[in-house]
Amino acid sequence: MSSESLLSEHEREDNSTAGILNRAMEARAEHQKTKMYNTIYSFTTSMGIGLILLVLFWLLHYRGGFAWHSDLKREFNWHPLLMILSMVFLYSQAILIYRTGRNIPKLKLKIIHGSIHLMAFILSVIGLKAVFDTHNLATPPIANLYSMHSWIGLITVIIFAMQFLSGFLSFLYPGLSPSLRKALMPVHVVIGLSAFVMGLISSITGLTEKAFFTLDAKYSAFVPEAFVFNFIALITTFYGLLVLYLVNESAFKRNALPEDELALTGHDE
C-alpha cells in the first residue's frame, strides 16, 4: 500500500473520530440545556400552581367562596379565579408547550397548543360572564367597562380570541403554505406574547382595583387580606417574568424533528 493511501486512510479515520466527538459534545450540550430548561420550567410551573391555590384560598377564606345567580357577590369570585387561571396560567403553558415537549412531533404539539388555548378561552368567557352578571343584575345595576382594568382585560380577551382563530386557520387547519406560515410565524409570536403581557397587566390592575374597593382604608392598615392581595400580585409578576425568560431564551428553542415538515404537509419537500 502506498504512503498516499495510508495517509488518506488515516485522515478518514481522524475525520470520523472528530465527527463522533463533535456529535457527542453537541448531544451533551443539548442535554445540559434541556436539563436547565426542565429545572426552571418545573420551578415556574410550581409557582403558577401556587398562584392558583393562593387565589383559591383568598376567595374561599376571605370572600365566602363561589355561587352563581343566587349570590352576586360570590358569583363575582369566579371572575378573578378563572381569568388568572385562563389568561395567565393556561396561556403560559400553551406558549411553553413547544419547548416543554421538544421531543414530540410538531403536529401533536400544535393540537395540544390549540387545545389548551381553547380551554383558556372558554374559561375566560365564563369569567367575563360572571363579572357582567355581577354588574347587570345588581340593584341598582353597576356600570360596565369604565375602569382601566376592564378596558385592558376586554381588549386582551379579544386579541386572544383573534389570535386563536387566526393561528388555528393558518397553522393547523386548513393551514397555509409552508412559506406563508414561515412569514407569519414572527407576527403570531409577537402578538401572542403581547397578549400574555396584557393578561398579566390586566390581572394586577384588577387585583389592585378589587383591593381598594373591598378593603378601602383597611388596605393601608396591613390587614391580613391585604397581604394576600399583594402576594398574589407579586407571584403573578414573577411568574410572568419567568415565563417570558423561558420563551425568549434562544438556548431553550426546540430543534425541529425530521418528521415535522412531512407530518404537516403530507409530502417531503
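The model is predicted, with local features requiring pLDDT of at least 70 and side-chain atom pairs counting only at pLDDT 80 or more, while totals for chains, interfaces and linings use all residues. Residues are numbered from 1 along each chain as its sequence is written, and side-chain values use heavy atoms, with hydrogens and water left out.

The protein has eight helices and zero strands, where helices (H or I, at least four residues) and strands (E, at least two) are DSSP runs numbered from the N terminus. Along the sequence this gives the pattern α-α-α-α-α-α-α-α. Of the 269 residues, 38% count as buried; the term buried stands for under 20% relative accessible area, exposed for over 50%, and partly exposed for values in between, with a 1.4 Å probe and protein chains only.

An unreviewed UniProt entry lists "transmembrane region" for residues 40-60, 80-99, 111-131, 151-173, 185-207 and 227-247. These positions are given in the numbering used here, feature names are shortened, and annotations may be inferred rather than shown by experiment. In the model, residues 111-131 are 100% helix and 0% strand, with end C-alpha atoms 31 Å apart. For residues 151-173, the span is 96% helix and 0% strand, and the end C-alpha atoms lie 32 Å apart.

Next comes the packing of the helices. Two packed helices are described by the angle between their axes and the distance between the axes. Here the axes are lines fitted to C-alpha atoms, for helices over the stretch in contact, and angles run from 0 to 180 degrees between N-to-C directions. Helix α3 (residues 78-100) and helix α4 (residues 106-136) have axes that come within 8 Å and cross at roughly 165°. The two are therefore roughly antiparallel, given that angles under 35 degrees count as roughly parallel, over 145 as roughly antiparallel, 65 to 115 as roughly perpendicular and the rest as oblique. The crossing of α3 and α4 is left-handed, a term used if the near helix is turned anticlockwise from the far one by less than a right angle, with right-handed used if clockwise. By class, the residues of the α3 and α4 contact comprise 21 nonpolar, seven polar and two charged. In this scheme Ala, Val, Leu, Ile, Met, Phe, Trp, Tyr, Cys and Pro count as nonpolar, Asp, Glu, Lys and Arg as charged, and the others, Gly among them, as polar.

Helix α3 also packs with helix α6 (residues 178-215), where the axes come within 9 Å and cross at roughly 150°. The crossing of α3 with α6 is left-handed, and the pair is therefore roughly antiparallel. On the α3 side the contact involves I84, M87, V88, Y91, S92 and I95, which meet G192, L193, A195, F196, G199, L200 and S203 in α6. The contact of α3 with α6 contains nine nonpolar, four polar and no charged residues.

Helix α6 in turn packs with α7 at an angle of about 175°, with axes 10 Å apart. That makes α6 roughly antiparallel to α7. Among the residues making this contact are K210, T214 and L215 of α6 and E225, A226 and F229 of α7. The contact of α6 with α7 has 15 nonpolar, six polar and two charged residues.

E225 lies in helix α7 (residues 224-248) and is buried, with a relative accessible area of 5%. Not counting residues up to four places away in sequence, E225 touches W58, Y62, R63, T214 and L215.

I97, in α3, is buried at a relative accessible area of 14%. With residues up to four places away in sequence not counted, I97 touches L109, I112 and H113. The C-alpha atoms of I97 and R254 are separated by 9.9 Å, although the two residues are 157 residues apart along the chain.

L107 in helix α4 counts as partly exposed, at 32% relative accessibility. L107 and D260 are 153 residues apart in sequence and 7.0 Å apart in space, C-alpha to C-alpha.

Finally, S170 is found in helix α5 (residues 148-172) and is buried, with a relative accessible area of 9%. Leaving out residues up to four places away in sequence, S170 touches G175, L176, R181 and L184.

How values were computed. Contact means heavy atoms within 4.5 Å.
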